[in-house]
Amino acid sequence: MDQKKIAVVTGAGTGIGRNAALALAKRNFAVVLAGRNLQTLNETASLAGGAETLAVSTDVTNPDSVAQLFEKTKSAFGRVDVLFNNAGTSAPPVPFEQLTAEEWNAVVAVNLTGAFLVAQAAYRVMKDQTPQGGRIINNGSISAHVPRPNSAPYTATKHAITGLTKSLSLDGRKYNIACGQIDIGNAATSMVNKISTGVVQANGSLLAEPTMSVDHVGEAIAYMAGLPLETNVQFMTVMATAMPYIGRG
């Protein structure tokens, strides 16, 4: 019988992270749920249908906190097979010239530095474990390709995630570490409810955009996670079909 695989999901307390964690749990992964709010992580665990989970309160911007996440994971399960590097945040949608350095730095700290710290910690475990290797899936966003108005911090960090994904894919090759990226557009979560009521377009108009069920995102991540390591989805875009992405602007 194949050994159960171990997945770590950051931002697992809500939204896409929660849905991905539950989709992985359904496929017999043991899932480590990481995020700042232990209560919401425990709520995710309660929805996992009895699957094996471990909730770990984690601040992805803090190297010591990230190190503790992976120490607890190794202590509980012995290895890491998959990381869904998902935790993210955004700045207020204000005009570029009104952004503060604090707002910029807060987004960079989570979306880019946090993603680096978590990926690096997972990479180290995957490199040293037996059998060697694993898979890192980074949450990009369609903002890794095109911006929305007034989104410079979020868009810049998501473009940077693409560079991180490519570097990890190359550097991890010799250690049997695969790295891919999922770019998500208009998944219906509580965090993006405003999209269905109206969001500013490139021409300044307000438009209600189509959304899709977040369940499809979880299914896509579970598909990527379930592939053998000799196969990799390098980039996947999953989005509401009719959203204004192709031709945006």
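1. Helix α4 (residues 101–128) and helix α5 (residues 152–171) bring their axes within 9 Å and cross at roughly 15°. That makes α4 roughly parallel to α5 (angles under 35 degrees count as roughly parallel). Axes are lines fitted to C-alpha atoms, for helices over the stretch in contact, and angles run from 0 to 180 degrees between N-to-C directions. The crossing of α4 and α5 is right-handed (the near helix is turned clockwise from the far one by less than a right angle).

2. The model is predicted: local features need pLDDT of at least 70, side-chain atom pairs count only at pLDDT 80 or more, and totals for chains, interfaces and linings use all residues. Residues are numbered from 1 along each chain as its sequence is written, and side-chain values use heavy atoms, with hydrogens and water left out.

3. The α4 side of the α4–α5 contact includes Trp 104, Val 108, Leu 112, Phe 116 and Tyr 123. Among the α5 partners are Tyr 154, Lys 158, Ile 161, Leu 164 and Asp 171. Contact means heavy atoms within 4.5 Å. By class, the residues of this contact are 16 nonpolar, two polar and two charged.

4. α5 has 20 residues and spans 28 Å from first C-alpha to last, close to the 28 Å expected at 1.5 Å a residue. Its buried residues include Pro 153, Lys 158, Ile 161, Leu 164 and Leu 168 (buried means under 20% relative accessible area, with a 1.4 Å probe and protein chains only). Four threonines are also on the buried list: Thr 155, Thr 157, Thr 162 and Thr 165. The buried residues of α5 pack against α4, β5 (134–139), β6 (177–185) and β11 (235–239).

5. Ser 141 sits in the loop between β5 and α5. Its relative accessibility is 7%, so Ser 141 counts as buried. Leaving out residues up to four places away in sequence, Ser 141 touches Tyr 154, Lys 158, Ile 182, Asp 183 and Ile 184.

6. Arg 18, Ala 21 and Leu 22 in α1 meet Thr 40, Glu 43 and Thr 44 in α2. The contact has two nonpolar, two polar and two charged residues.

7. Asn 203 lies in the loop between β8 (199–200) and β9 (206–207). At 65% relative accessibility, Asn 203 counts as exposed (over 50%). Asn 203 and Pro 149 are 54 residues apart in sequence, yet 9.0 Å apart in space, C-alpha to C-alpha.

Technical notes
Helix = DSSP H or I, 4+ residues; strand = E, 2+ residues; numbered from the N terminus. Parallel < 35°, antiparallel > 145°, perpendicular 65-115°, else oblique. Nonpolar A, V, L, I, M, F, W, Y, C, P; charged D, E, K, R; others polar. Expected span 1.5 Å × (residues − 1).
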